[in-house]
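Please open the model in your viewer and keep the selection tool at hand. The tour below goes from the whole chain to single residues.

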Amino acid sequence: MDPLPPFDSKPGPKFPIPMSTGQHAHQLQFSFSGLLSSVERYILKLQPTTSAEQVGQSTAGSPARSAKTPDPPGNRIQRENAIELSEGARRAISRSFQTAAITHLTQKIALALSLPELQDVQGVVVSGGVASNQALRTE
């Protein structure tokens with residue numbers, strides 16, 4: 001499969017690097033929940049008529065989702081009137097997410113490798129689906 005051509009080289013939105021400040025900066029833990037929430041808030045802001053309270057409410061006679069009903073995997077933002085994003089906007093958001101996620105991973109790996117008990121480590125193995133990410137492999 002050929003790689004997709006870039007639609008736009010302009011920088012996308014800046015998302016925060018998870019666990020990179022305060023006490024979390026020195027912890028050997030990964031968390032992407034804050035990054036995902038930042039992406040969701042950014043997307044919701046793209047449509048000013050949609051508020052966070054409207055997410056999950058019923059429209060056009062459709063029943064509202066119960067607070068106890070879990071969202072389907074991959075659909076944390078669930079609503080009838082989904083925001084239509086252009087291909088370029090989706091790619092910009094994806095690039096920005098990827099940049100923040102990779103920075104998070106590389107910072108935590110560097111932190112781990114700086115520990116005295118790991119000074120003799122010569123490399124890091126990345127496997128599985130993550131290993132196919134060319135941007136991460138480059139880092």
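What percentage of the 139 residues of the chain count as buried? The share is 20%, where buried means under 20% relative accessible area, exposed means over 50%, and partly exposed lies in between, with a 1.4 Å probe and protein chains only.

Before selecting anything, please note that this is a predicted model, in which local features need pLDDT of at least 70 and side-chain atom pairs count only at pLDDT 80 or more, while totals for chains, interfaces and linings use all residues. Residues are numbered from 1 along each chain as its sequence is written, and side-chain values use heavy atoms, with hydrogens and water left out.

Colour the chain by pLDDT, the predictor's confidence in each residue from 0 to 100. The mean over the chain is 75, and 68% of the residues reach 70 or more. Now select residues 50-69, where the pLDDT is below 50, although the model gives this stretch 20 contacts beyond near neighbours in sequence; a contact means heavy atoms within 4.5 Å. Where pLDDT is low, the predicted coordinates should not be read in detail.

Select Phe15, Leu35, Val39, Ile43, Ile83, Leu85, Ile93, Ala100 and Ala101, the 9 residues of the largest nonpolar core. Such a core is a set of buried Ala, Val, Leu, Ile, Met, Phe, Trp, Tyr and Cys residues joined through side-chain atoms within 4.5 Å. Helix 1 and helix 2 (87-113) each supply at least two residues of this core. Centre the view on isoleucine 43, which touches Ile83 and Ile93 when residues up to four places away in sequence are not counted.

Turn now to the surface and select Phe30, Phe32, Ile109, Leu113, Val121, Val124, Val126 and Val130, which form a nonpolar patch with about 600 Å² of accessible area together. One of these, phenylalanine 30, lies in the segment before helix 1 (33-45). Why does phenylalanine 30 count as partly exposed? It does so because its relative accessible area is 46%.

Finish at serine 33, which is found in helix 1 and is partly exposed, at 47% relative accessibility. Show proline 18 as well: the C-alpha atoms of serine 33 and proline 18 are separated by 8.3 Å, while the two residues are 15 residues apart along the chain.

Definitions and conventions: Patches are made of residues with over 30% relative accessible area and no salt bridge: like charges are joined within 9 Å, nonpolar side chains (Val, Leu, Ile, Met, Phe, Trp, Tyr) within 5 Å. Accessible areas come from the Shrake-Rupley method with a 1.4 Å probe; for residues, only the protein chains shown count as cover. A salt bridge is a side-chain nitrogen of Lys or Arg within 4 Å of a carboxyl oxygen of Asp or Glu. Helices (H or I, at least four residues) and strands (E, at least two) are DSSP runs, numbered from the N terminus.
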